[in-house]
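Subject: Structure handover and findings

Hello,

Here is the structure we talked about passing on. Please load it before reading further.

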Amino acid sequence: MISSDNTLSDITLAQVLLARGELVGIPTETVYGLAANALSPQAVARIFEAKKRPTFDPLIVHTYSIESLEKYATAIPREAYKLAEAFMPGSLTLLLPKKDLIPDIVTAGLPTVGLRIPNHPLTLELLRGLDFPLAAPSANPFGYISPTTAQHVRAQLGEEVALVLEGGACTVGVESTIVGFVEGEPTLMRFGGIALEEIERVLGRQVRTWTQSSSNPHAPGMLASHYAPRTPFDVAEAGKLQDLADRYLQQYLPTEIGVLAFQAPLPCLPTAQQVVLSATKNLNESAQKLFGAMRQLDSLPLKVIIAEYVPQEGLGRAINDRLKRASA
Ligand code: TXA
Ligand code: MG
């Protein structure tokens, strides 16, 4: 780890390191990313090594303007521009036919590239000062919970990254929504920080969702087991958290069960090992807190963590998707 000296600002230092092919942790509004020069196959290879990520899982490329999307993608559909204008910078990734400039290692050999303009002032400034875009997956070891603070990145990948830019806690808290165009039809591939309803509102029509998982996915990132804490994790249907707790209480002590509750803690268990996502049932607040809460509970000596699904609307879809994958 390099600590910044007084002659260079952190952003300048990050630019120097990235130009040298090193890895830098970057803040975004969704989650922290583990960034490298997207145009350098060697630099990108270090991301896969650091994360222990299988090379069939492609990376998102980050840039700073809608015009710059055209440097890396071609044949951009009209509806992609509509979405870009509405949600970029923001928590949206568009899958678009890639130009040859983007190395195959970035897209895992796929003909499309995921492009995103993160909405974080520090990272936008960083990107504007670079003459290459940044490939960046979430900055967690493969399969583990995504980081929403710089501290989360340092705790797990501190040895692997030259620098982590401190950008505060992520304001959205779940990864970007991924939209691709399958036979020209806009198709949602991952629920994320922009709600499906918002996408449909901008396009003025229903958008199909295709977020199924398999072990060698056509739309990877959609692996069934993901975002998973090390502690066994189980999810109850909305309103059934107490029933699930009762089931585990036949097996474990009350102190051995952690709870990730939507609105209120369970009265039958100690509050010290329970986290409430939003006392007011706010789904944006819940998304913002989700991964930090999972990490917090995962750090406790528990036998199981139980959670409950939230309403399947707005960011609730992204939350439920992450809960489901964490329990797979
Ligand atoms: O919010 C985010 O999207 C964060 C921040 C750092 O930008 N990034 C992120 O990256 O979540 P990652 O790698 O953890 O998840 C991106 C997923 C990958 O799992 C991959 O499967 C999918 O996006 N993806 C990327 N490029 C793709 C492509 N060309 N076709 C299909 N899926 C793609
Ligand atoms: Mg990830």
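Below are the findings, grouped by region.

Keep in mind throughout that this is a predicted model.

**The open sheet**

Start with the strand order. Ten strands are involved: 10 strands form an open sheet that runs β7-β1-β2-β6-β3-β5-β4-β8-β9-β10. The pairing in this sheet is mixed. Its edge strands are β7 (163-164) and β10 (208-209), each of which pairs on one side only.

Strand β4 (residues 92-97) shows both senses of pairing. With strand β8 (residues 177-182), β4 runs parallel, over 3 bridges. There, Leu-92 has Thr-177 as its bridge partner, and Thr-93 stands opposite Ile-178. With strand β5 (residues 112-116), β4 runs antiparallel, over 5 bridges. In that pairing Leu-94 faces Leu-115 of β5. As background, strands of a sheet pair through backbone hydrogen bonds, either parallel or antiparallel.

**Strand β12**

Next, β12 (257-261). Of its residues, 5 of the 5 are buried, so β12 is largely enclosed by the rest of the structure. Ile-257, Val-259 and Ala-261 point one way, while Gly-258 and Leu-260 point the other way. β12 has parallel partners. It is joined to β14 by 4 bridges, in the parallel sense; Gly-258 has Ile-305 of β14 as its bridge partner. It also pairs parallel with β13, over 3 bridges. In β13, Val-276 is the bridge partner of Ala-261.

**Helix α10**

Does the length of α10 fit its residue count, or what is the span to expect at 1.5 Å a residue? Helix α10 covers residues 283-298, which is 16 residues, so it should span 22 Å. Its end C-alpha atoms are 22 Å apart, which agrees. Even so, α10 bends by about 45° at Leu-290.

The buried residues of α10 include Leu-283, Leu-290, Phe-291, Met-294 and Leu-297. At the start of α10, a side-chain oxygen of Asn-282 comes within 2.8 Å of the backbone nitrogen of Asn-284.

**Helix α1**

Helix α1 spans residues 10-19. Its buried residues are Ile-11, Leu-13, Ala-14, Gln-15, Leu-17 and Leu-18. They pack against β1 (24-26), β2 (33-37), α6 (121-128), β6 and β7. Just after α1, Gly-21 takes a positive phi of about 90°.

**Ser-146**

Where does Ser-146 lie? It is in the loop between β6 (134-135) and α7. Is Ser-146 buried or exposed? Its relative accessible area is 1%, so Ser-146 is buried, given a cut-off of under 20%. Its side chain makes a polar contact of 2.5 Å with the side chain of Glu-175. Beyond four places in sequence, Ser-146 is in contact with Val-31, Ser-138, Asn-140, Glu-175, Tyr-227, Phe-291 and Arg-295. Of these, Phe-291 and Arg-295 are among the buried residues of α10.

**Backbone geometry to check**

Most residues other than glycine have a negative phi, and most peptide bonds are trans. Some places in this model depart from that pattern.

- The peptide bond from Met-88 to Pro-89 is cis, with omega near 0°. Pro-89 is in the loop between α4 (78-87) and β4.
- Ala-108 has a positive phi, near 55°. Its place is the loop between α5 (104-107) and β5. At 28% relative accessibility, Ala-108 is partly exposed.
- Lys-281 has a positive phi of about 60° and is not a glycine. Lys-281 lies in the loop between β13 and α10. With a relative accessible area of 49%, Lys-281 is partly exposed.

**Cysteines**

How many disulfides are there? The count is 0. Cys-170 is buried, at 2% relative accessibility. Cys-268 is partly exposed, at 34%.

Best regards

Definitions and conventions:
Residues are numbered from 1 along each chain as its sequence is written. Chains are lettered from A and ligands numbered from 1 in the order in which they are written. This is a predicted model: local features need pLDDT of at least 70, side-chain atom pairs count only at pLDDT 80 or more; totals for chains, interfaces and linings use all residues. Side-chain values use heavy atoms; hydrogens and water are left out. A disulfide is a pair of cysteine sulfur atoms within 2.5 Å. Buried means under 20% relative accessible area, exposed over 50%, partly exposed in between (1.4 Å probe, protein chains only). Helices (H or I, at least four residues) and strands (E, at least two) are DSSP runs, numbered from the N terminus. The expected span of a helix is 1.5 Å times one less than its number of residues. The bend at a residue is the angle between axes fitted to the seven residues ending there and the seven starting there. Contact means heavy atoms within 4.5 Å. A polar contact is a pair of N or O atoms within 3.5 Å; within protein, one must be able to donate a hydrogen and the other to accept it, and residues adjacent in sequence count only if both atoms are side-chain atoms. Two strands pair if DSSP finds at least two bridges between them.
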